[in-house]
Amino acid sequence: MTPLALLIIIAAYLLGSISSAVLICRLYGLPDPRDSGSGNPGATNVLRLGGRGAAAMVLVCDILKGMLPVWLSYWIGINPFLLGIIGIAACLGHIYPIFFHFRGGKGVATALGALAPIGWDLSGMLIGTWLLTVLISGYSSLGSLITALAAPMLTWLVKPEYTMPVSMLSCLIVLRHHDNVRRLLEGKEGKIWNKFSRNSKHSGNNS
């Protein structure tokens, strides 16, 4: 591993450690997402706490955290395996952020950003898989799990040389969702439609 690659890996972790959800909730005067709602500092919980605008900002920022270091590394010619490590470092920063007491999110949006430089065709298939699963089931977490499991196969179809690092990233995402898997099996996982309906009622009460 070259010193440059090691430097980018560290930078990717530090960038990932900037918790978009916590900062944007502070900006909007919302409760700390780590202590409210589901307790997960991610776009889905911010949707529950503050509505679509705040959630969209969190989503974009979390995607960029994974996209920027991997895209830079891809552009300067770092090999596929190290690109995977850089993407994992960004996700680990999001999941275990050093700047926020290691209390982070699930890493799905950051992982999507890390995969985007491989190709927009892959990104489109991943987003389509997530959307289709959520539309059928209503579960955001199930959409993330199915997408993570499908990612290595879809990567193999597009650019086989990236299959191994993408598989590593997918394993990290699946492991991070172990609580969601338990709730899905117990029938206790909340559907994303409920989050939209609660926000609609909240907006109606404030209008």
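Start by selecting His94, which you will find in helix 5; helices here are DSSP runs of H or I with at least four residues, strands are runs of E with at least two, and both are numbered from the N terminus. Before going further, note that this is a predicted model, in which local features need pLDDT of at least 70, side-chain atom pairs count only at pLDDT 80 or more, and totals for chains, interfaces and linings use all residues. Residues are numbered from 1 along each chain as its sequence is written, and side-chain values use heavy atoms, with hydrogens and water left out.

**Stop 1: around His94**

Is His94 buried or exposed? His94 counts as buried because its relative accessibility is 7%; buried means under 20% relative accessible area, exposed over 50%, and partly exposed in between, using a 1.4 Å probe and protein chains only. Now show the side chain of Lys65: a polar contact of 2.9 Å joins it to the side chain of His94. A polar contact is a pair of N or O atoms within 3.5 Å; within protein, one must be able to donate a hydrogen and the other to accept it, and residues adjacent in sequence count only if both atoms are side-chain atoms. Leaving out residues up to four places away in sequence, His94 also touches others, among them Gly16, Pro41, Asp62, Gly104 and Thr110 (contact means heavy atoms within 4.5 Å).

**Stop 2: the nonpolar cores**

Next, select Ile78, Ile86, Leu115, Ile118, Leu126, Val166 and Leu169, which touch the most other members of the largest nonpolar core, a set of 29 residues. Such a core consists of buried Ala, Val, Leu, Ile, Met, Phe, Trp, Tyr and Cys residues joined through side-chain atoms within 4.5 Å. Helices supplying at least two residues each include helix 1 (3-16), helix 5 (80-95) and helix 9 (163-176). Which helix gives the most to this core? That is helix 5, with eight residues.

Zoom in on Ile86: beyond its neighbours within four places in sequence, Ile86 is in contact with Ile8, Ile9, Ala12, Pro69, Val70, Ser73 and Ile78. Then look for a second, separate core of nine residues, including Ile24, Ala43, Leu47 and Ala54.

**Stop 3: annotated stretches**

Colour residues 74-96, 108-132 and 138-158, which an unreviewed UniProt entry annotates as "transmembrane region"; UniProt positions are given in the numbering used here, feature names are shortened, and annotations may be inferred rather than shown by experiment. Residues 108-132 are 84% helix and 0% strand, with end C-alpha atoms 16 Å apart. For residues 138-158 the values are 90% helix, 0% strand and 28 Å between the end C-alpha atoms.

**Stop 4: salt bridges**

Side chains of opposite charge can pair when their charged atoms come close. The structure holds seven salt bridges, each a side-chain nitrogen of Lys or Arg within 4 Å of a carboxyl oxygen of Asp or Glu.

Select Arg103 and Asp35, whose side chains meet in one of these, at 2.8 Å from N to O. This pair links distant parts of the chain, 68 residues apart: Arg103 lies in the loop between helix 5 and helix 6, and Asp35 in the loop between helix 2 (20-28) and helix 3 (43-50). Arg103 is partly exposed at 38% relative accessibility, while Asp35 is exposed at 56%.

Finish at Arg182, which forms a salt bridge with Glu186, with the closest N and O atoms 3.8 Å apart. Because they are four residues apart in helix 10 (residues 178-186), about one helical turn separates Arg182 and Glu186. Glu186 also meets Lys188 in a salt bridge (3.7 Å, N to O), and Lys188 is exposed, at 60% relative accessible area. Through shared partners, salt bridges join Asp179, Arg182, Glu186 and Lys188 into one network.
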